[in-house]
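The following questions and answers examine selected features of the structure shown here.

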Amino acid sequence: MSTLLQHAQIDWDDQGRPHSRQYDDVYFSKNEGIEETVHVFIEQNRLRQRFANLEPQACLVIGETGFGTGLNFFCAWQLFRQHAPVTARLHFVSVEKYPLAPADMARAVRLWPELAACTEPFLKQYVAVHQGFQPFTFDDGRVTLTLLIGDVLEQLPQLDAKVDVWFLDGFAPAKNPDMWTPELFAQLARLSYPGTTLGTFTTTGWVRRGLVEAGFAMKKVPGIGKKWEVMSGEFGGLAASTQTPPWYARPPAIDGPREALVIGAGLAGSASAASLAARGWQVTVLERHDAAAREASGNPQGVLYLKLSAHGTALSQMILSGFGYTRRQLERLQRGEAWDSCGVLQLAFDAKEAERQQKLADAFDSSLLHSLERAEAEAVAGVALPAGGLFYPEGGWVHPPALCQAQLQHPGIRVLTHHEVIELRKTNGLWQAWNGERLLASAPVVVLAGAADVRRFEPCAGLPLKRIRGQITRLPATDSSRALRTVVCAEGYVAPPRSDEHTLGASFDFHNQDLAPTLAEHQGNLALLDEISVDLAQRLATADLDPAQLQGRAAFRCTSPDYLPIVGPVAEPQAFNEAYAVLGKDARQVPDVPCPWVEGLYVNSGHGSRGLITAPLCGELVAAWASGEPLPVPQAVAQACHPNRFALRRLIRGT
């Protein structure tokens with residue numbers, strides 16, 4: 001898969017309307033843009049009635065080829081607001097090969113002032129849109145938009161969803177023949193079920209025949225404006241048999257009330273609770289401390305730092321999607337206090353690192369990252385540096401407790417502090433959380449989000465999570481240290497000041513299980529600062545500080561052997577080994593045996609030092625699993641993060 005993002009090349013006509021240079025075609029007709037969308041996509045799919053008739057908690061999924069300026073999405077969203085029950089949801093999934101640059105998008109959508117209630121919130125979140133799956137949430141989570149950035153025949157095969165309605169859009173078949181292919185129609189069929197409807201503006205014969213061959217009954221209907229005819233259709237083929245191995249398949253939906261327990265109120269737990277509550281779940285968060293974000297999520301400043309690979313690995317795809325999702329969530333918080341998009345500079349501190357950075361600079365769009373020579377890096381950072389490096393202009397720092405608190409504000413969430421869960425029991429379809437003889441709470445679904453402590457619960461005891469102690473040092477800002485304008489990283493990191501204080505860190509200690517800050521690690525952090533910038537160390541007068549008087553905190557990162565998070569439904573370990581024992585003899589076997597899921601149990605852990613980027617997106621992933629909605633990441637990424645991957649590897653290796 002390509003990692004390079006290409007923005008749409010736009011020309012503007014004399015009426016201020018966009019024209020694609022890549023396809024030599026208009027995005028929408030000059031006089032009937034909104035009317036055409038309503039006629040072709042809204043009316044042919046009977047969306048007014050379908051929105052009005054949605055059951056409470058139901059979610060209608062619309063799939064689209066060709067997001068373009070977003071006009072179809074804004075029209076559908078506006079109609080959903082007007083007609084759908086307040087508890088219903090809209091999930092809009094759209095593929096776009098060449099997304100508009102932010103300035104072009106702003107110029108385009110302001111052509112429709114009547115849609116401003118939808119376009120303005122969208123523009124506020126239209127940041128960090130890079131290759132792959134890019135989820136957005138609007139209207140307190142009632143509306144989800146998942147943009148799939150890339151070629152439609154690369155992106156749609158990775159989508160795990162059941163689509164109710166298709167908007168078959170995109171530039172005209174004569175202008176964009178690479179999209180309108182039997183491969184595309186086969187993907188539409190794979191993601192449809194009998195009754196899925198489709199609208200499209202084209203009546204080209206080979207498009208109609210291709211859709212019919214894929215299982216859609218198509219008919220021509222009168223058009224609008226210069227389009228004499230358009231097409232609508234309904235899928236009547238067989239629901240696609242899943243290609244997903246049973247150990248990665250979706251667990252059966254749980255009957256009963258949408259109620260869940262979340263154990264742990266750090267980044268993973270807060271995000272899981274927020275994403276479930278947005279889908280209509282009543283969530284009880286059980287936290288053993290006196291408030292949220294008291295452990296690894298409690299540092300004063302964490303870094304939105306993207307450790308990427310030039311090869312499009314599952315981890316890189318997760319990081320690109322998670323970075324965009326977190327950045328969009330942060331737009332709702334107070335800049336300067338809760339977060340700051342000051343950028344992140346990763347120094348090229350040796351030849352090997354410089355070589356790695358050059359590969360990344362060649363592989364990714366410059367709006368995500370670009371190389372800076374030393375003088376340029378110093379100009380960006382505001383302090384003298386030992387080298388240039390890789391600059392991430394959309395990165396920055398975050399105050400993790402503020403993000404956790406914001407996520408827990410949903411009215412569907414209640415947080416019970418001083419509630420330590422010692423044991424889980426399943427009784428009459430409900431998970432009961434116990435502290436000794438005291439029943440704390442119960443619900444049909446439980447999400448374990450307590451970092452390495454998820455292993456204290458039997459089904460998760462075998463998950464290979466390890467704890468790595470990290471200590472940060474808090475340094476009072478000085479008049480001259482305030483010149484630092486961006487986060488700078490080498491082996492450690494230092495951030496611009498928040499509340500008159502810089503955060504410096506963080507140590508890595510695989511052996512110490514004590515959380516009391518140590519003098520040695522403060523001294524180690526000061527040594528890291530010298531490697532980052534002697535100039536900044538002098539501005540902070542670190543030579544005059546008494547290390548014994550330094551303030552800081554220590555916490556445990558929790559990581560997995562492959563550095564991917566562990567997120568998803570949990571299987572019963574012994575039954576899993578018995579069900580798939582044949583894999584020990586032949587790893588190519590896919591036994592036709594349903595996975596022995598532990599009903600209603602999910603885990604969200606193993607985020608390491610990337611929790612700010614991966615935990616919020618993984619909250620969406622857990623909620624999508626539990627609610628039966630489109631997954632916010634590619635199937636291969638969801639499988640790479642799945643708890644079952646470790647049991648599977650052990651079986652195959654015979655260990």
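Q: Which elements are included in what covers the buried residues of helix 19?
A: In this predicted model, helix 19 spans residues 644–653, and its buried residues are Asn644, Arg645, Phe646, Ala647, Leu648 and Leu651. The cover over these buried residues includes strand 30 (566–571), helix 16 (573–579), strand 31 (597–605) and helix 18 (635–640).

Q: Which residue just after helix 19 takes a positive phi?
A: Most residues other than glycine have a negative phi. Just after helix 19, a positive phi of about 70 degrees is taken by Gly654.

Q: Which helices and strands do the buried residues of helix 1 pack against?
A: The buried set includes Ile34, Val40 and Phe41. The helices against which the buried residues of helix 1 pack are helix 2 (47–52) and helix 3 (71–83). The strands are strand 8 (165–168), strand 9 (197–200), strand 10 (216–224) and strand 11 (227–235).

Q: Is Thr69 buried or exposed?
A: Thr69 is found in the loop between strand 4 (59–65) and helix 3. Leaving aside residues up to four places away in sequence, Thr69 touches Pro18, Tyr27, Phe28, Phe74, Leu100, Met105, Ala108, Val109 and Trp112. The relative accessible area of Thr69 is 4%, and the cut-off for burial is under 20%. Thr69 is therefore buried.

Q: What is the orientation of helix 3 to helix 5?
A: Two packed helices are described by the angle between their axes and the distance between the axes. For helix 3 and helix 5, the angle is about 120 degrees and the axes are 9 Å apart. That makes the orientation of helix 3 to helix 5 oblique.

Q: How many charged residues are there in the contact of helix 3 with helix 5?
A: The crossing of helix 3 and helix 5 is right-handed. The contact is made by Phe74, Trp77, Gln78 and Arg81 of helix 3 and by Ala117, Cys118, Thr119, Pro121 and Phe122 of helix 5. By class, the residues of this contact divide into 6 nonpolar and 2 polar, and the number of charged residues is 1.

Q: How far apart are the end C-alpha atoms of residues 113–233?
A: An unreviewed UniProt entry lists residues 113–233 as "domain: MnmC-like methyltransferase". In the model, this span is 27% helix and 31% strand. Its end C-alpha atoms lie apart by 32 Å.

Q: Is Ala128 buried or exposed?
A: Ala128 is placed in the loop between helix 5 (116–125) and strand 6 (132–138). Phi of Ala128 is near 50 degrees, a positive value in a residue other than glycine. With a relative accessible area of 2%, Ala128 is buried.

Q: What is the relative accessibility of Ala541?
A: Ala541 lies in the loop between helix 15 (534–539) and strand 29 (551–559). Although Ala541 is not a glycine, its phi is positive, about 50 degrees. Ala541 counts as partly exposed, with a relative accessibility of 30%.

Note on methods. Residues numbered from 1 in each chain as written. Predicted model: local features only at pLDDT ≥ 70, side-chain atom pairs only at ≥ 80, totals over all residues. Heavy atoms only, no water. UniProt positions renumbered as here; feature names shortened; annotations may be inferred. Helix = DSSP H or I, 4+ residues; strand = E, 2+ residues; numbered from the N terminus. Buried < 20%, exposed > 50% of the residue type's maximum accessible area, 1.4 Å probe, protein only. Contact = heavy atoms within 4.5 Å. Axes fitted to C-alpha atoms, helices over the stretch in contact; angles between N-to-C directions. Parallel < 35°, antiparallel > 145°, perpendicular 65-115°, else oblique. Left-handed = near helix turned anticlockwise from the far one by under 90°. Nonpolar A, V, L, I, M, F, W, Y, C, P; charged D, E, K, R; others polar.
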